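Please read these points with the model open beside you. They are in numbered order and can be checked one at a time.

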Amino acid sequence: QLACCCGTAACSLCCKCCPKIKQSTSTRFMYALYFILVTIICCVMMSTTVANEMKTHIPFYTQMCKSIQAGEMCEKLVGYSAVYKVCFGMACFFFLFFLFTIKINSSKSCRAYIHNGFWLIKLILLAGMCSGAFFIPDQDTFLNAWRYVGATGGFLFIAIQLILLVEFAHKWNKNWTAGANHKQMWSGLLALVTLILYSVAVAALVLMALFYTHSEGCMYNKVLIGVNGGLCLFASLVAISPCVQNRQPHSGLLQSGIISCYVMYLTFSALSSKPPETILDENNQNITICVPEFSQGLHRDENLVTGLGTTILFGCILYS
């Protein structure tokens with residue numbers, strides 16, 4: 001294990017009781033573990049509950065924040081700006097190894113040994129890059145520029161997630177359809193899972209229309225919910241159309257059901273991120289609309305989006 005952390009040996013999950021795995025699989029697992037570790041730290045940084053608990057329970061909190069130059073209440077270590085900085089360091093780390101591993105044709109080459117080992121040193125390097133991002137001069141300019149990079153990367157990642165989800169659903173449908181040729185139970189399970197997926201998608205659509213729209217406003221929300229719901233219906237019809245069935249016999253409602261649920265999640269994420277609107281009621285008082293009443297001031301919908309997004313993210317990373 002010492003050779004794994006500080007040398008060229010591959011890790012065996014740091015435990016003798018774990019089954020032996022290939023060196024390439026071990027390397028993928030370790031990089032995914034680093035990614036998940038940093039993502040969890042980012043989720044903690046985004047949590048206002050964690051920040052408030054730290055202020056309450058950590059003694060000498062104010063003095064500690066001043067000593068590390070993180071602001072009077074460590075405001076530089078929490079919130080979206082801190083997450084951007086940590087993700088910038090992580091992106092630099094993975095981009096560095098992306099360049100480092102170009103055209104490696106053999107696991108016996110020098111660069112391959114570095115790629116598959118030295119995990120403790122890599123962890124220190126990753127921590128140093130994430131920490132160093134907090135000392136970038138002219139933070140405002142950096143954050144403004146990094147937002148555009150993040151938006152572009154987010155768009156590409158959503159596209160990759162869609163591809164992974166479609167591939168996963170295609171294999172799932174193919175395997176269970178093949179099993180249905182031997183046992184009818186698989187055909188029933190396939191129909192049950194498809195029904196559950198569409199029930200979740202329809203329920204999400206109805207709940208969003210109920211909580212994120214209002215009779216006197218929220219036109220953007222209404223259009224977004226209507227268009228995305230219509231596109232999900234269109235994708236379902238295309239999946240079972242004769243033209244697609246002739247070219248892809250294993251295409252079916254399972255794939256479109258999974259994509260419909262994912263689209264509903266993306267719609268929910270967009271609606272929860274949109275600023276609320278205010279209108280005058282019959283008493284000429286300002287009331288807030290386009291947000292659920294239970295989440296006003298509590299950020300419950302934002303926390304739910306973060307939890308769902310993190311779960312989908314981890315699932316796609318582990319599957320890939």
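1. From helix 9, Leu-190, Val-193, Thr-194, Leu-197, Tyr-198, Val-200, Ala-201, Ala-204, Leu-205 and Met-208 meet a set in helix 12 made up of Leu-253, Leu-254, Ser-256, Gly-257, Ile-258, Ser-260, Cys-261, Met-264, Thr-267, Phe-268 and Leu-271. Contact here means heavy atoms within 4.5 Å. Helices (H or I, at least four residues) and strands (E, at least two) are DSSP runs, numbered from the N terminus.

2. This is a predicted model, in which local features need pLDDT of at least 70 and side-chain atom pairs count only at pLDDT 80 or more, while totals for chains, interfaces and linings use all residues. Residues are numbered from 1 along each chain as its sequence is written, and side-chain values use heavy atoms, with hydrogens and water left out.

3. The geometry of this pair is as follows. The axes of helix 9 (residues 184-211) and helix 12 (residues 253-273) cross at roughly 25° and come within 9 Å. Axes are lines fitted to C-alpha atoms, for helices over the stretch in contact, and angles run from 0 to 180 degrees between N-to-C directions. The two helices are therefore roughly parallel to each other; angles under 35 degrees count as roughly parallel, over 145 as roughly antiparallel, 65 to 115 as roughly perpendicular and the rest as oblique. The crossing of helix 9 past helix 12 is left-handed, that is, the near helix is turned anticlockwise from the far one by less than a right angle.

4. Is helix 12 mostly covered or mostly open? It is mostly covered, with 16 of its 21 residues buried. Buried means under 20% relative accessible area, exposed over 50%, and partly exposed in between (1.4 Å probe, protein chains only). From first C-alpha to last, helix 12 reaches 30 Å, close to the 30 Å expected at 1.5 Å a residue. The expected span is 1.5 Å times one less than the number of residues.

5. Leu-271 and Val-291 are 20 residues apart in sequence, and their C-alpha atoms are 8.3 Å apart. Val-291 sits in the loop between strand 2 (286-289) and helix 13 (300-319) and is buried, at 16% relative accessible area. Ile-258 is 90 residues along the chain from Phe-168, with 9.6 Å between their C-alpha atoms. Phe-168 belongs to helix 8 (residues 139-180) and is partly exposed at 36%.

6. Helix 2 (residues 23-46) passes the same length check: its 24 residues should span 34 Å at 1.5 Å a residue, and the end C-alpha atoms are 35 Å apart, which agrees. Its buried residues include Met-30, Tyr-31, Tyr-34, Phe-35, Ile-36 and Cys-42.

7. Two backbone angles deserve a look. Lys-103 is not a glycine, yet has a positive phi of about 60°; this residue lies in the loop between helix 5 (80-100) and helix 6 (110-116) and is exposed, at 73% relative accessibility. Phe-118, also not a glycine, has a positive phi of about 60°. Phe-118 lies in the loop between helix 6 and helix 7 (119-132) and is partly exposed, at 22%.

8. For the protein as a whole, there are 13 helices and two strands, and 31% of the 320 residues count as buried. Among contacts between residues at least 6 apart in sequence, 68% join residues at least 24 apart.
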